[in-house]
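Here's a quick briefing to read alongside the model. Take a look at the structure first, then go through the notes by topic.

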Amino acid sequence: MKSAELFGERFGGEPDGVWLAPGRANLMGEHTDYNDGFVLPFALRQGITAAAARRGGRPARRLTLCSRQEPEAAVEVDLDGLEPGRVTGWAAYPAGVAWALEAAGHRVPGACIAIDSDLPTSAGLSSSAALECATALALTDLGGLDVPRGDLVTLARRAENEFVGAPTGIMDQSASLLCRAGHVLLLDCRSLETSQVPFDPAAAGAGLLVVNTRARHELTDGEYGQRRAECEEAARRLGISSLRDITGVGDIARLTDPVLRRRARHVVTDNERVLEVVALLRSSPGVAAEEVYRQIGRLLAQAHVSLRDDFEVSWPQADEAVEAAMAAGAYGARMIGGGFGGSVLALVPAAAASAVRAAVTAAFARHGWTAPEFLDAIPADSARRLVV
Ligand code: GLA
């Protein structure tokens, strides 16, 4: 990525450093994070880089932000008097991080920051969280601020929830800041306990494919917030603090509203699927690796049906991509992220990889849809300073 070059072009000279924060895909557990449940994401190789330097001149308490993907003039953000609503558009994400850091009592240094990305935007791969996390690392390193990663996760989420105004859970920022190469991250969104679960499909002759369906997805649209409100309402009617506390099918049956019942059923079954995938991965002495991936594929397919029919967040291109991928030999596939656009994740035996891509491409062409984009999803390391 070329954020250091962009820095030179826009600001002159060399940045003090370059920080990378990855996007994420999620193996299992969708719309479970804000229900205090479980998620199982991994970081992608693709992400966002921020090349940054402390401001030399005046005004010292200012961020100057530019992005290769946003060809407008640089955005100037005054650190004094920063509050939600002051900055809009893409710059609200980095500005929100500065605001959240200051609100937590950290003194953010004035800085010039040049952003570049190789992560498709609006593809449900957490480009927003990656932008927040790259900025968070850059600002804390530049300012010599000692903020533990777990706190940075919370601050980056606060930027998105309160400054940008997207009511998301904590999965994406956790993935970007805490994942480890060759692992999926099991996160209990209630206790915030994490554990790294070894995950190496290539060793079992399989691979993960992200299909960007090119149907755009925005978390600031109302549908995501509506799902969240429905889950809260279901919990309220059951007299529990969150859907995490549902203990059995009996609880779900007590919901008389059919929509709320379906929403709750998705959350309960997806939490179970997360734990099943973890058990399979940690597993089962004697189960051949290929069989483990076949079983995970089956769970992915079930999750897609649950997201489509019970949670109702899928979209036509995702349904088609899942169906075409499975028909061409994928072990399983499902939509990932918030829904209503974005990407599908397919678990594919290596021998079927090109057939799956061809089948999905052909299905999209038959519908006259924009051709999909494919990314090999290889579980990568979390956000870090790059050596340049
Ligand atoms: C988006 C949000 C996450 C999570 C997912 C759905 O990615 O940012 O917090 O809720 O949707 O699982």
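Buried means under 20% relative accessible area, exposed means over 50%, and partly exposed is in between, with a 1.4 Å probe and protein chains only. Trp19 has 0% relative accessibility, so it counts as buried. Keep in mind that this is a predicted model, where local features need pLDDT of at least 70, side-chain atom pairs count only at pLDDT 80 or more, and totals for chains, interfaces and linings use all residues. Residues are numbered from 1 along each chain as its sequence is written, and side-chain values use heavy atoms, leaving out hydrogens and water.

- Trp19 sits in strand β1 (residues 17-26); strands (E, at least two residues) and helices (H or I, at least four) are DSSP runs numbered from the N terminus.
- Leaving aside neighbours within four places in sequence, Trp19 is in contact (heavy atoms within 4.5 Å) with residues including Ile48, Ala134, Leu137, Asp141, Arg384 and Leu386.
- Between Trp19 and Val278 there are 259 residues in sequence and 31 Å in space, C-alpha to C-alpha.
- Thr135 belongs to helix α3 (residues 127-142), and with 0% relative accessibility it counts as buried too.
- Beyond its neighbours within four places in sequence, Thr135 touches Pro94, Val97 and Ile113.

**The open sheet**

- Three strands make up an open sheet in the order β2-β7-β8, paired antiparallel; two strands pair if DSSP finds at least two bridges between them.
- β2 (38-39) and β8 (194-198) are the edge strands with a single partner each, so one side of each has no neighbour in the sheet.
- β2 is joined to β7 (residues 183-188) by 2 bridges, and Phe38 has Asp188 in β7 as its bridge partner.
- Helix α5 (residues 171-178) lies across β2, β7 and β8, at about 135° to β7; axes are lines fitted to C-alpha atoms, for helices over the stretch in contact, with angles from 0 to 180 degrees between N-to-C directions.

**A helix pair**

- α10 (residues 316-327) and α11 (residues 353-367) pack at about 140°, their axes 8 Å apart.
- That makes α10 and α11 oblique to each other, as under 35 degrees is roughly parallel, over 145 roughly antiparallel, 65 to 115 roughly perpendicular and the rest oblique.
- Among the residues that meet are Gln317, Glu320 and Ala324 in α10, and Val356, Phe364 and Arg366 in α11.
- The α10 and α11 contact residues divide into 8 nonpolar, 2 polar and 2 charged; Ala, Val, Leu, Ile, Met, Phe, Trp, Tyr, Cys and Pro count as nonpolar, Asp, Glu, Lys and Arg as charged, and the others, Gly among them, as polar.
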